[in-house]
Amino acid sequence: MPSTISFLSDYGHDDEFVGVCHGVIELIAPGVRVIDIAHGLPRHSIRPAAVVLRNALPYLPAGVHLAVVDPGVGGERRPLALRCGDRLLVGPDNGLLLPAAERAGGIEQAVDLSASPWRLEPVSATFHGRDVFAPVAARLALGEPLDRAGEKVDPGALVRLELPQPRVSQGAVDARVLYLDRFGNAQLNMSGEQMAEAGIEPGSTIEVETGTRAGVARYARTFADAAEGELLAYVDSYGSLALAVNRGDARAQLGLELDTAVRIMRAEQ
Amino acid sequence: MPSTISFLSDYGHDDEFVGVCHGVIELIAPGVRVIDIAHGLPRHSIRPAAVVLRNALPYLPAGVHLAVVDPGVGGERRPLALRCGDRLLVGPDNGLLLPAAERAGGIEQAVDLSASPWRLEPVSATFHGRDVFAPVAARLALGEPLDRAGEKVDPGALVRLELPQPRVSQGAVDARVLYLDRFGNAQLNMSGEQMAEAGIEPGSTIEVETGTRAGVARYARTFADAAEGELLAYVDSYGSLALAVNRGDARAQLGLELDTAVRIMRAEQ
Amino acid sequence: MPSTISFLSDYGHDDEFVGVCHGVIELIAPGVRVIDIAHGLPRHSIRPAAVVLRNALPYLPAGVHLAVVDPGVGGERRPLALRCGDRLLVGPDNGLLLPAAERAGGIEQAVDLSASPWRLEPVSATFHGRDVFAPVAARLALGEPLDRAGEKVDPGALVRLELPQPRVSQGAVDARVLYLDRFGNAQLNMSGEQMAEAGIEPGSTIEVETGTRAGVARYARTFADAAEGELLAYVDSYGSLALAVNRGDARAQLGLELDTAVRIMRAEQ
């Protein structure tokens, strides 16, 4: 029985890119299940896609995870397939797969797909989702062995992704925006544990500063703990600290973008 | 054999929310079919989502209907599962499920999922789609009995949804906009029968007034019965009266929003 | 075993149109596979949808191809089903299906679905995707014979689609924009072979002129061959010449729209 393929990209739903990859998978591995994780991720932006893949992983069936955010397509970047326990990750060597690979226990085997016999010939220079990644994902889902997918490569030689680290001090944390969702909620690069390390407890009032704006917020449990239109910080469903406005849009209200520096402080009593 | 799950939300397709719910369903009920009804519904807006769910219901296989538009997530609102004949509805207790439940013949059994043994632990405060609703939908699709999903609750105690009623008089109807689609077509809270009650016949010319604009329209059968750019009223594919502009956008042309009051009158001859 | 249905439309993902068609297919042909090609195509715009369907076809499993971009719904245009070898195309008679039919080897049999016994009664005047096309696609996927779907019609009598032809001269090609994707890449109505006919070789520098703007570009192999922000022409993954800006947006930079005239010239040395 073939394993499930989950599929994430920045292809969007307006064009046929996602559908054509589904078609190629069905042609090679008829009946295999494909779960679309998300395809509307910010274009060519590797870090938020890597964060989403890592966050989603525990909620996806083991099997093949296909991820394509690939601004360097057709250039020198390698196409990859990685084994991490019972998960196989397929995508470009630009850091996209690495946080998910770590979450899955680390890379046991890495394969360079540049000359994979499983590619769709002729391989285009601009659509490796269709010509390289989807066919390899389909074969792997059928149970074909990873070492036939291409050339072995040293996992230590892969392109790394720098995720910024927060700075925790007494009463304050300096963090960054890692991800912004459709609702304007901002996931930061820090956890609820790091709030506790800073001595900031759930239920307390905090100050939130970006380079250009500042606000007072509740460190709450959920949106409904704040009044409508009120800013709150909360531990989101992946364990990260996040900023939101109840029934509003924290992104707009605080002028947040990906990577915006955010300082969270215990409010003076 | 597991039943089909249909799934509606305001999660959008940009983020991983929908995909993660699919993943959770596949983990619990491998191979179960999930039909996405729509996920781009207006954010946090219960009424249009409730109307869409009710309208779509007769065209969806019986089984489980999962619906998540949930501005009160993590707060006091109850998570629910309802039995209506051969349909099981799963979603928040904020009125979202009620019009569909009525369409399906009324609620025979209601269960509060607040302490459901089927929840994904730890239950987050902000993503009950993943942690409560999807797991319950998956178990129900597998045929597990509804009364094991949580605590029995009185169907009469559920949060109701006020859908506005039209006012029909001789030669005129006062209605409201219930739904606006991607094409800018506006579904009103009235039917073709109510046009007949008002003595307005298909083929006739009508006047359409909102608070700020007015126009003359054909009461037509389909878009193609009006000239390009011309306003028309028609009985839409769900039996409701709707306003459209042939190859144009009635929403923009008449300045319509959800709940805008619209007066439809027989035109003077 | 039922064949696969692939499905393309301009219904978008905000409303329930796509989901309801999936529901109807599942009701008629439980378990049949539906691959969504794309649903965010430009509203009511037949040509780009026809181009996408034609381009995607070789990457989709044989079976039924359902396509609905249907500004004339409910009017005089016929609903159609076509046989082209092992592919069955279902959609409106407005030219949408023709380029794909040609790509699939030409039309062997054409059927007018206006009075199809497989329609969902009562047939609405505005949602033939649900009431005519999806039910017919589902029956055909189950293997029911095409000649029972409706009345035979002469393939020569179908509405044709004029796709503009490029004009190739020595050192220059006059082309048109056929398709614009989410990334702002513009597919032209010409191939890499036609560049060669004009004596313009890959690797050379070219001039690109529209009515209002002009620019110098590399005739490159892939995005990464151009500097960030630089205009390039390349043979895209379907063999067509296309314009892009590396990590940028050619549509915005050159002010391109569907059908914009574009002149490509060998640059003076």
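In this predicted model, Y11(A), F17(A), F127(A) and F183(C) come together in one aromatic cluster. Over all chains, the structure holds 18 aromatic pairs. For the rings of F17(A) and F183(C), the centres lie 6.1 Å apart and the planes stand at 40°, so the pair is classed as tilted. This pair crosses between chains, since F17(A) belongs to helix α1 (residues 17-28) of chain A, whereas F183(C) sits in the loop between β9 (172-180) and β10 (186-191) of chain C. F17(A) has a relative accessibility of 10% and therefore counts as buried, and F183(C), with a relative accessibility of 8%, likewise counts as buried.

A further pair is formed by F183(A) and F17(B), whose ring centres are 6.1 Å apart and whose planes meet at 40°, so that this pair, too, is tilted. Because F183(A) lies in the loop between β9 (172-180) and β10 (186-191) of chain A and F17(B) in helix α1 (residues 17-28) of chain B, the pair joins two chains. F183(A) is counted as buried because its relative accessibility is 8%, under the limit of 20%. For F17(B), the relative accessible area is 10%, and this residue is buried.

Within chain C, attention turns to the packing of two helices. The axes of helix α1 (residues 17-28) of chain C and helix α4 (residues 128-141) of chain C come within 9 Å of each other and cross at roughly 40°. The two helices, α1(C) and α4(C), are therefore oblique to each other, and their crossing is right-handed. On the side of α1(C), the contact is made by V20(C), C21(C), V24(C), I25(C) and I28(C), while α4(C) contributes G129(C), R130(C), A134(C), P135(C), A138(C) and R139(C). Sorted by class, the residues in the contact of α1(C) with α4(C) comprise eight that are nonpolar, one that is polar and two that are charged.

In chain B, R103(B) is placed in helix α3 (residues 98-103). With a relative accessible area of 43%, R103(B) is partly exposed. When its neighbours within four places in sequence are left aside, R103(B) is in contact with R54(B), N55(B), L57(B) and P58(B).

Most residues other than glycine have a negative phi, and most peptide bonds are trans. In chain A, however, the peptide bond from E121(A) to P122(A) is cis, with omega near -5°, and P122(A) is found in the loop between β6 (109-112) and α4 (128-141) of that chain. In chain B, a cis peptide bond joins E121(B) and P122(B), with omega about -5°, and P122(B) has its place in the loop between β6 (109-112) and α4 (128-141) of chain B.

Positive phi values in residues other than glycine occur at D259(B), where phi is near 80°, and at D259(C), where phi is about 80°. D259(B) is found in the loop between α6 (250-254) and β15 (261-266) of chain B and, at 30% relative accessibility, counts as partly exposed. D259(C) is located in the loop between α6 (250-254) and β15 (261-266) of chain C, and its relative accessibility of 31% places D259(C) among the partly exposed residues.

Conventions
Residues numbered from 1 in each chain as written. Chains lettered and ligands numbered in written order. Predicted model: local features only at pLDDT ≥ 70, side-chain atom pairs only at ≥ 80, totals over all residues. Heavy atoms only, no water. Axes fitted to C-alpha atoms, helices over the stretch in contact; angles between N-to-C directions. Helix = DSSP H or I, 4+ residues; strand = E, 2+ residues; numbered from the N terminus. Parallel < 35°, antiparallel > 145°, perpendicular 65-115°, else oblique. Left-handed = near helix turned anticlockwise from the far one by under 90°. Contact = heavy atoms within 4.5 Å. Nonpolar A, V, L, I, M, F, W, Y, C, P; charged D, E, K, R; others polar. Phe/Tyr/Trp six-rings, centres within 6.5 Å; stacked < 30°, edge-to-face > 60°. Buried < 20%, exposed > 50% of the residue type's maximum accessible area, 1.4 Å probe, protein only.
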